Amino acid sequence: MKRRWLRVLLLGSALLALLLGACGWLLMRGIDGNAVLARVEREVMAATGRTFAVDGPLRLKLLPRIALEATGVRLGNAPWGSQPDMARIGSLRMDVALMPLLQRNVEIGRIELSDADLLLETDAQGLGNWNFASAQSTGDDRALARPGERTAGAIRLGLAELTIRDSRIRLRNGRSAQAGPGTVIDIETLALSQTEASRRWQVTTKGKWREQAVEATGQVGMERDAVTQARSIPIDLALVLDGANIDVEGALDLGDRAGQGRLKIDADLRRTNALEAILGMRLAVPMPAQLNAEVDWQGHHLVAKPFELTSQGQTVAGQVEWNRNNKPATLQLNLHADGLDLARLYPSARTNPVVRQPVDGRLLSDAPLPRLHIPALAIQADLRAERLVLPNGLELISVHASGSSLADRIDVDQLAFGLARGNFKLSGRWQQPAGSVAVAPQATMNLQARGVAMDALLAVLRREAPISGGRTDIDARLTGTGHSLRSLAASLNGEVRLKMGSASTAGTTLAHGPGDLVAALLHLLTPLRDSSERVQIRCAAARLPVRQGQIVVDRSIAVESERVDVVMSGVIDLGTEQLELAMRPTVRKGTGLDPSALAGVAKIGGTFAAPKVQVNLAGTAREALSIGAAVATSGLSLLGERLLGRATDPNPCETAYEGGAGAANARPPSKAENPDGPLRRLFGH
């Protein structure tokens, strides 16, 4: 009995399967593929406002799910696009659940794409071709349902799995004058999958971006704001490049806000080669480094705040803003750091103090100055650091730098820092014509220094300090132009003023060489004393006007000590690197010192590379006056012996700082003028 019922059941099942198969075959035979394709084309155009076509054969399968296979699928581009099609798909396979279609729910189980080419581009106003317009908004009635047909209502669309192989995405910026074909992203594989319990897709992809291998894993989704109804794509991805791991979390907007988003980026950088190739710019960041930033992205306007970059245990933080909507594009930097050691970050740039060997008897090189590679951007920067160590080891404190740059110049609005127990403030400009090497660069500098300890300054500059103490104020304003350091110095114009407070000699014997000028000065200040004895210096001052690279010193350099004052006159020529200075000591009143006990008049002359100092020269004051012309033209001269006298100026430092005998308006003497004025006044004539 049981066997009989079993045979009946099996036979009934077989007949039912045969009947269903026959019905399916008859249904498939009765479907007009061209009619289905025409309906699909109309629905896509109604939804996107774009043309849609399938050039190859279309295959359909109804049971157990609707399966579709097509080749040569094309989706039209925006009317202003650079090519007719936005998307071309070599092969398309998909399956759709049958029963949900009765409720107008399109539940796609799987889509497989291969040999696809997707173009994402913007027009000259920044509008993206991914902004679709419905047929109603375009006014194209041909894309609507035919007369007499019922207009379709809203369709709910769901996708469970998407696979893409051997495809390409091209990114093209229509706002750029050199847009060209755009940037190509090659997709070797891309897989999206979604479970019923999750509203997000798991994504895994592998490909190349600008020929650089890129892998990504994580999640993406689709969300709609309950209040504004704005759509966005939430993302949480881990990117792997050659030498870099980057985690990106946030959301990318769709619809009217397409091309905008908010992203949190955490990057672990070991090498920058791949990242530089993708970004198309050089990253002067020492490796390894860690980057953390929250980015607000609005088309061509990007703000990274907060921004934090760490390397070698040192961190720079603040805000970075990049705006390509401006012409030229602008980059704003507002960064700060507790401490930066550039010698540690850039060990290859570390420099050691070396003595420059004279070339052709000159210290300043005539080699062309290297052109600065200034980006073709409008850059504004505000940088602060509590401590900054330069590559040569020089340590600055409380550093604040602000400035800007364009393609042809760099403007330093302020560079303030602490050094040698004092404070420095600099400003200036470096200008070089963009793309031209024939026109010489121009430089402008303003310097203000207050309370600088001269012994500490010489120490940090790795120079032997002949004095102890000496708080100094410095003011300088200089301009010049030239292709080399030598020509730049020869063109300088401006003024340098210096005032030093009380100090004492170090009590050590200095080595011979360029320091002979200081040695001669100390010799004049120490009559009847051993050279190792300390001398109290009350003050020192200088006011040096610079005209076309020449400095005329007309009693505008002075030093006051406890017993003796020294005043200088002469000429310093920066162009020829020659100098001719006479130093005259005078006895201070009330010291009880006999003027005849002084060492005499000293003269320093020759070149910067090989200066010569002479003391107690034979001759007379009249002979000294006769060589005024030679001094003014930086030639050799003789100074008289023991040109001494009691001090006639009670405050030579103040006089020198205010300009000596009219040094503020001094200029190199012409042939028609009497050139021995500075020396004549030095000797009281």
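This is a predicted model: local features need pLDDT of at least 70, side-chain atom pairs count only at pLDDT 80 or more; totals for chains, interfaces and linings use all residues.
Reader: Which way do the residues of strand β31 point?

Author: In a regular strand the side chains alternate between the two faces of the sheet. In β31, V564, V566, M568, G570 and I572 point one way. D565, V567, S569, V571 and D573 point the other way.

Reader: Is β31 mostly covered or exposed, and how many of its residues are buried?

Author: Strand β31, residues 564–573, is mostly covered, with 10 of its 10 residues buried. Both sets of residues, those pointing one way and those pointing the other, are buried.

Reader: Which strand pairs with β31 over 9 bridges, and in what sense?

Author: That is β30, residues 550–561, and the pairing is antiparallel.

Reader: What joins β31 to strand β32?

Author: There are 10 bridges between β31 and β32 (residues 578–587), and these strands run antiparallel.

Reader: Now the charged side chains. How many salt bridges does a search of the whole structure find?

Author: Side chains of opposite charge can pair when their charged atoms come close. Here the search finds 21 salt bridges. One of them joins D117 and R170, at 3.9 Å from N to O. D117 lies in strand β5 (residues 105–122) and R170 in strand β7 (residues 161–173), so this pair ties together parts that are 53 residues apart in sequence.

Reader: Is D117 buried or partly exposed, and what of R170?

Author: D117 is partly exposed, at a relative accessible area of 21%. R170 counts as buried at 16% relative accessibility. The cut-off for buried is under 20%.

Reader: Where do the partners in the salt bridge of R421 and D455 lie?

Author: The side chains of R421 and D455 meet at 3.4 Å, N to O. R421 is in the loop between β22 (409–419) and β23 (422–431), while D455 is in helix α6 (residues 454–460), so the contact ties together parts 34 residues apart in sequence. R421 is exposed, with a relative accessible area of 55%, whereas D455 counts as buried at 16%.

Reader: Which residues are linked in a network of salt bridges?

Author: D55, R74, D85 and R88 are linked in such a network. A further pair to inspect is D382 and R384, whose side chains meet in a salt bridge at 3.6 Å, N to O. R384 is partly exposed, with a relative accessible area of 46%.

Key: Residues are numbered from 1 along each chain as its sequence is written. Side-chain values use heavy atoms; hydrogens and water are left out. Buried means under 20% relative accessible area, exposed over 50%, partly exposed in between (1.4 Å probe, protein chains only). Helices (H or I, at least four residues) and strands (E, at least two) are DSSP runs, numbered from the N terminus. Two strands pair if DSSP finds at least two bridges between them. A salt bridge is a side-chain nitrogen of Lys or Arg within 4 Å of a carboxyl oxygen of Asp or Glu.
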